[in-house]
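Please work through each task before reading its solution.

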Amino acid sequence: MTLDLTQEFLVQPVDASWLQCNIECQEACPVGTNCRGYLNLAAEGRFEEGYLLAREPNPVAAMCSYVCSAPCERACRRGDIDRPLAIRAMKRFLVEWHEASGIPDVMPAITPREERVAVIGAGPAGLAVARELAVKGYQVTVYDSLPYGGGTLLMGVPAFRLPREAIEMDVRLVERLGVTFVFDTTIGVDLSFEDLQRDYDAIAISAGAMNPVYLDIPGADLDGVLYGVDFMKRANLGQEVEVGQHVVVVGGGYTAMDCARTSLRFGAEHVTIAYRRTRSELVVDEEELGETELEGVHMDFLVSPIELLGDEDGKLKQIRFIRNKLGEPDASGRRSPIPIPGSEFALPCDTIIPAVSQAADLSFLPVESSFEVNRGRIKVDPATYATNVRGVFACGDFVTGPTTMIESAGHGKKAAYAIDRYLDGRTDVTVTPNVKITSSWRHDMPELYDVLPRQHIPMAALPARMPSTDPAVNFTTPVELGYDATAAIAESTRCLMCNYNIWFDPFRCVLCGACADVCPEGVIHMVDVNQLKTEGLLPEIEEAYGWADGAAMILDEERCIRCALCVKRCPFDAITMERFELQEISSDGRLYKESYRDGQLAGTAGVAGGA
Ligand SMILES: Cc1cc2nc3c(=O)[nH]c(=O)nc-3n(C[C@H](O)[C@H](O)[C@H](O)COP(=O)(O)OP(=O)(O)OC[C@H]3O[C@@H](n4cnc5c(N)ncnc54)[C@H](O)[C@@H]3O)c2cc1C
């Protein structure tokens with residue numbers, strides 16, 4: 001590659017935003033999980049430490065390890081080379097390793113406080129609020145209508161994808177922090193909201209968005225219309241579930257896939273998912289879609305139901321659809337479906353399961369409190385998560401509408417920090433991300449890490465997924481089987497370790513260019529110093545050498561695979577590989593978090609050249 005001599009390269013300070021751009025997996029995780037940290041530990045066979053690191057920022061780590069939407073994988077830089085790391089499956093391996101090891105989870109020392117907080121809803125958001133506040137010493141009570149915690153993960157996500165033991169593991173850990181759970185208790189029915197306002201210093205509402213959005217087409221009241229969230233709730237709570245032979249599920253998200261696969265397990269012969277957009281706009285991950293299709297679910301894209309037709313007994317027998325084409329992007333950023341006149345067609349169907357969206361149920365909020373509501377959702381201040389009613393906060397799907405478990409948990413964590421500030425009377429606290437260099441390391445990457453393919457995540461063979469005539473058995477038979485230790489080490493070895501960065505020592509470098517010659521990716525270049533836009537960031541170097549003429553080595557951090565060949569090749573030891581870590585420090589000193597607990601802090605960060 002030849003470099004354009006007129007091109008300019010911006011020298012960036014080593015600050016939090018630089019590091020955040022470097023470590024994209026961590027940045028993409030709503031709870032800030034140090035993914036490559038636990039991958040690196042797993043690659044060394046340090047599984048328990050890997051588990052602790054994965055668990056530390058995440059109140060729902062066990063549930064996540066099975067069904068997280070894994071935004072980290074979409075951000076993983078390895079995806080630009082071949083395929084991203086299987087980060088979720090790696091977390092599952094660590095969680096299972098920890099469970100099997102019998103090593104008890106160590107609980108933090110907590111200094112109790114007097115203030116009491118009520119949380120409505122024990123889903124991911126509620127568990128996150130409860131955990132963060134309990135660790136800070138607050139007396140937390142979580143109320144939920146359901147018989148157990150987990151929220152939609154318990155009553156929505158099917159047991160063949162998420163074993164109930166994983167839900168229990170997360171709930172149990174929050175309970176061990178001293179949180180009280182009150183199940184089978186609906187606020188607004190068994191206890192009034194005003195009771196909570198009287199008895200608690202603050203209330204966090206994390207009641208989810210589990211009301212189905214109803215079909216608004218002729219025939220929607222026919223027998224044979226089952227709404228997705230209600231259908232999954234019945235199946236998950238062990239209640240009677242009846243589906244016909246020809247099932248059509250309408251939607252393109254997790255709920256739609258789960259309803260389709262659950263219908264198969266409850267005896268449906270033909271299951272079709274009808275989605276109004278195309279395959280590329282589906283909101284599920286590749287593995288989930290692949291398994292759904294493999295099990296025999298037929299996908300019909302660019303179609304919308306327009307009418308349901310029944311027989312003389314009021315039973316559904318046919319759906320009329322219209323075909324769509326894609327128009328301009330809508331508010332969701334996805335291209336909107338536009339019906340094509342004259343393209344109507346009908347499909348035989350005895351059960352339709354609409355799974356298009358869900359809404360929050362606000363009916364338990366007292367009218368007299370005058371909560372501000374916008375388009376069916378309670379309004380909160382985005383900085384403080386506070387509603388307009390003093391002492392009442394809200395978070396998770398209840399505020400955002402249906403999202404994912406990890407987004408809800410992230411929301412819950414931030415709401416907890418805001419409640420802590422409110423109860424402590426501190427309103428002006430800021431949390432500043434900071435960067436530390438934790439070690440200087442000439443590392444040896446494992447052999448062939450750069451060509452090792454993503455390790456296949458083992459799945460049960462098709463006949464083994466539905467081994468019984470009893471739907472309840474089929475519904476709880478796991479599909480994904482998880483990695484063993486060999487596959488886990490191989491997979492984690494593929495991590496490109498984006499928190500390591502190459503540093504050139506300008507006082508040792510003689511500009512021989514050997515590093516550029518040896519670089520297999522061609523990402524190191526020698527450029528004229530005048531092409532560097534330093535903006536005063538390299539004062540020592542500018543002072544020592546002047547800045548009129550000369551050359552400098554630059555490195556494209558986006559494409560560098562951290563193989564360290566340049567480090568080894570440099571004849572003057574001018575190149576090192578440093579490990580950087582993010583810290584969070586609050587202005588009142590109460591919050592101080594290292595994103596990596598393994599390793600000593602050493603000095604502060606300097607300036608790294610980089611294009
Ligand atoms: C079928 C299905 C499959 C899904 N699959 C995935 C997936 O694979 N991956 C993923 O990331 N996300 C998935 N999701 C989305 C995910 O489950 C939600 O985004 C997440 O659970 C929202 O968390 P939350 O804590 O905000 O609310 P919820 O998990 O919905 O929890 C709210 C809780 O509040 C309780 N509650 C409500 N009102 C009251 C009241 N008045 N009194 C007492 N308790 C009350 C409810 O009983 C519930 O337990 C799926 C959703 C569905 C429906």
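**Exercise 1.** At roughly what angle do the axes of helix α13 (residues 254-265) and helix α14 (residues 286-294) cross?

*Solution.* The structure is a predicted model, in which local features need pLDDT of at least 70, side-chain atom pairs count only at pLDDT 80 or more, and totals for chains, interfaces and linings use all residues. Residues are numbered from 1 along each chain as its sequence is written, and side-chain values use heavy atoms, with hydrogens and water left out.

Step 1. Helices (H or I, at least four residues) and strands (E, at least two) are DSSP runs, numbered from the N terminus. Axes are lines fitted to C-alpha atoms, for helices over the stretch in contact, and angles run from 0 to 180 degrees between N-to-C directions.

Step 2. The axes of α13 and α14 cross at roughly 25° and come within 10 Å. α13 is therefore roughly parallel to α14 (angles under 35 degrees count as roughly parallel, over 145 as roughly antiparallel, 65 to 115 as roughly perpendicular and the rest as oblique).

Step 3. Tyr-254, Met-257, Asp-258 and Arg-261 of α13 meet Glu-288, Leu-289, Glu-291 and Thr-292 of α14, where contact means heavy atoms within 4.5 Å. By class, this contact of α13 with α14 has 3 nonpolar, 1 polar and 4 charged residues (Ala, Val, Leu, Ile, Met, Phe, Trp, Tyr, Cys and Pro count as nonpolar, Asp, Glu, Lys and Arg as charged, and the others, Gly among them, as polar).

**Exercise 2.** Describe how α3 (residues 35-43) packs with α7 (residues 87-101).

*Solution.* Step 1. The axes of α3 and α7 are 11 Å apart, and the packing angle is about 55°. This makes α3 oblique to α7.

Step 1. On the α3 side, Cys-35, Tyr-38, Leu-39 and Ala-42 meet Ile-87, Met-90, Lys-91 and Leu-94 of α7. The contact of α3 with α7 comprises 7 nonpolar, no polar and 1 charged residues.

**Exercise 3.** In what order do the 5 strands of the open sheet lie, and which strands stand at its edges?

*Solution.* Step 1. The order is β4-β3-β2-β5-β18, with parallel pairing (two strands pair if DSSP finds at least two bridges between them).

Step 1. β4 (180-182) and β18 (392-394) each have a single partner strand, so one side of each is left without a neighbour in the sheet. From one strand to the next, the twist averages 20°.

Step 2. Within the sheet, β2 (residues 116-120) and β5 (residues 202-205) pair over 4 bridges, and Val-117 stands opposite Ala-202 in β5.

Step 3. Helix α16 (residues 405-423) lies across β2, β5 and β18, and runs at about 165° to β5.
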